[in-house]
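Welcome! Let us take a friendly walk through this model, one place at a time.

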Amino acid sequence: MTNETSFTDLGVDEPIRRILAAKGYTAPTPIQARAIPLLLSGQDVIGIAQTGTGKTAAFALPIVQMLTKSQRRREPRALILAPTRELAGQISDSIETYGKNSALRVAVIYGGVPQRRQTDRLRRGVDIVVATPGRLLDLVAQRHLDLGFVEHLVLDEADRMLDMGFIPAVRKIIKALPAKRQSLMFSATMPPEVSRLSQEILHEPTRIDIAPKAMTVAAILQVVHFVEGANKFDLLCDLMADESFSRVIAFTRTKRRADRVTKQLAKAGIKCEAIHGDKSQGARQRALDSFRQGRIRVLVATDVAARGIDVTGVTHVINFDLPNEAEVYVHRIGRTARAGAEGTAISFCASDERDYLRAINALIRTPISVEGGGKLPQAAAPKGPRPIRNSGPRRQNHQSRRRGDGDSRAA
Ligand code: AMP
């Protein structure tokens, strides 16, 4: 699709291209190929895309490039809003990387930590602020931050902002921005409230639609095990006996279940940590660092805490509990197979979760393979193009099955 396009063709300048080459980005991803030229020409863009598609670089590269060419000042000239601290942290890390040759000053602002370091940073002057909405509003109200010179606004994961109740805060922030600015919005889905917000924020935007199937789902081997709740933990231990499960994210429905699974895994001698909304920012960061550095094999997470986690080399995503929203499933499994790598998503489905599975199969169109001889009940046969496949015994080697599977999963 983008085989012939290069970052040079898209108008990315040489200092940034050098950084991309060093990071091993040989070609732009589809969303980058479409978004970068539009952004560099000053247009507003709405991107329907999720993490794993390369969307951070799609907006970060043009912004870094444009800011190096506009007048530097004390107040921020770009504002990026993200729903979670983790995502804000990752976006700011990406910008630091892409902007390494540009001497841009980046501040990341989120709640749950003392504000002193953040205000000190702002006082010294910044070019780009990456923030979650609540703390940003606090700092604006306390006059630590003047948003009156923002030239570029990015609203990332707008649908998640909505889920988390941030839309009123976002509206207040927008009021503090100059009317003349470039605005970008990214969202994996487009519920009516998000669509309304986009009409308020964006000016004649170009819409870029990167379907989830195109990248995330197609590259991931997906299987489901029918297993009752009481047996889920044993199944998890069974799977973990396979050493190829070396960097695993396990999703649970609640924080309490995350803690319980973590405790049980630790008892079974499997190195793990939990990450969820009740953990302090420091504890979450430490858990993420341990996971990134391979000191733990399993990160047990709830959806909100895991939002935006960008760890490369995640071998398996395990849905210990199925999510009750099909889109969340796509977000979860997008943690593996990042940047074109291969990955496996394994879902545990108890009898009271079968409706969730049906909704997921309907959304992703290619039904998930069933492991361990189970079958979806009759009513579950989704309208998608392919029949459900029964793929034999549970302990089968996932890697070898993947290869045989390639064609049938192609989007
Ligand atoms: P994102 O969708 O922004 O969360 O990015 C997903 C992952 O893809 C991140 O680990 C990026 O570092 C990586 N990535 C982004 N753009 C490219 C590219 N053009 N080539 C290879 N990897 C990329």
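Is Ile 309 buried or exposed? At 1% relative accessibility, Ile 309 counts as buried; buried means under 20% relative accessible area, exposed over 50% and partly exposed in between, with a 1.4 Å probe and protein chains only. This residue sits in the loop between α14 (303-306) and β12 (316-319), where helices (H or I, at least four residues) and strands (E, at least two) are DSSP runs numbered from the N terminus. Although Ile 309 and Thr 84 are 225 residues apart in sequence, their C-alpha atoms are 9.9 Å apart in space.

A word on the basis of all this: the model is predicted, so local features need pLDDT of at least 70 and side-chain atom pairs count only at pLDDT 80 or more, while totals for chains, interfaces and linings use all residues. Residues are numbered from 1 along each chain as its sequence is written, and side-chain values use heavy atoms, with hydrogens and water left out.

**Around the ligand**

The ligand is surrounded by 15 residues, and the closest are Tyr 25, Gln 32, Gly 52, Gly 54 and Thr 56; a residue is near a molecule if one of its heavy atoms lies within 4 Å of it. By class, this shell has 5 nonpolar, 7 polar and 3 charged residues. Here Ala, Val, Leu, Ile, Met, Phe, Trp, Tyr, Cys and Pro count as nonpolar, Asp, Glu, Lys and Arg as charged, and the others, Gly among them, as polar.

| Residue (backbone N or O atom) | Distance to an oxygen atom of the ligand |
|---|---|
| Thr 53 | 3.0 Å |
| Gly 54 | 2.7 Å |
| Lys 55 | 3.2 Å |

The protein covers 86% of the 500 Å² of accessible area that the ligand has on its own, with areas from the Shrake-Rupley method and a 1.4 Å probe.

**Two loop residues with positive phi**

Ala 103 has a phi near 55°, a positive value in a residue other than glycine. It is found in the loop between α4 (85-98) and β3 (106-109) and is exposed, with a relative accessible area of 53%. Glu 157 is not a glycine either, yet has a positive phi of about 50°. Its place is the loop between β5 (152-155) and α7 (158-163), and Glu 157 is buried, with a relative accessible area of 3%.

**Inside the helices**

Asp 159 lies in helix α7 and is buried, at 5% relative accessible area. A polar atom of the Asp 159 side chain lies 3.4 Å from the backbone nitrogen of Ala 188.

Which residues of helix α11 (residues 232-240) are buried? They are Lys 232, Phe 233, Leu 235, Leu 236, Leu 239 and Met 240. These residues cover an arc of only 160° around the axis, which puts them on the same side of α11; the arc is that of the directions from the helix axis to the C-beta atoms. An α-helix has 3.6 residues a turn, so residues three or four places apart point the same way.

Notes: A polar contact is a pair of N or O atoms within 3.5 Å; within protein, one must be able to donate a hydrogen and the other to accept it, and residues adjacent in sequence count only if both atoms are side-chain atoms.
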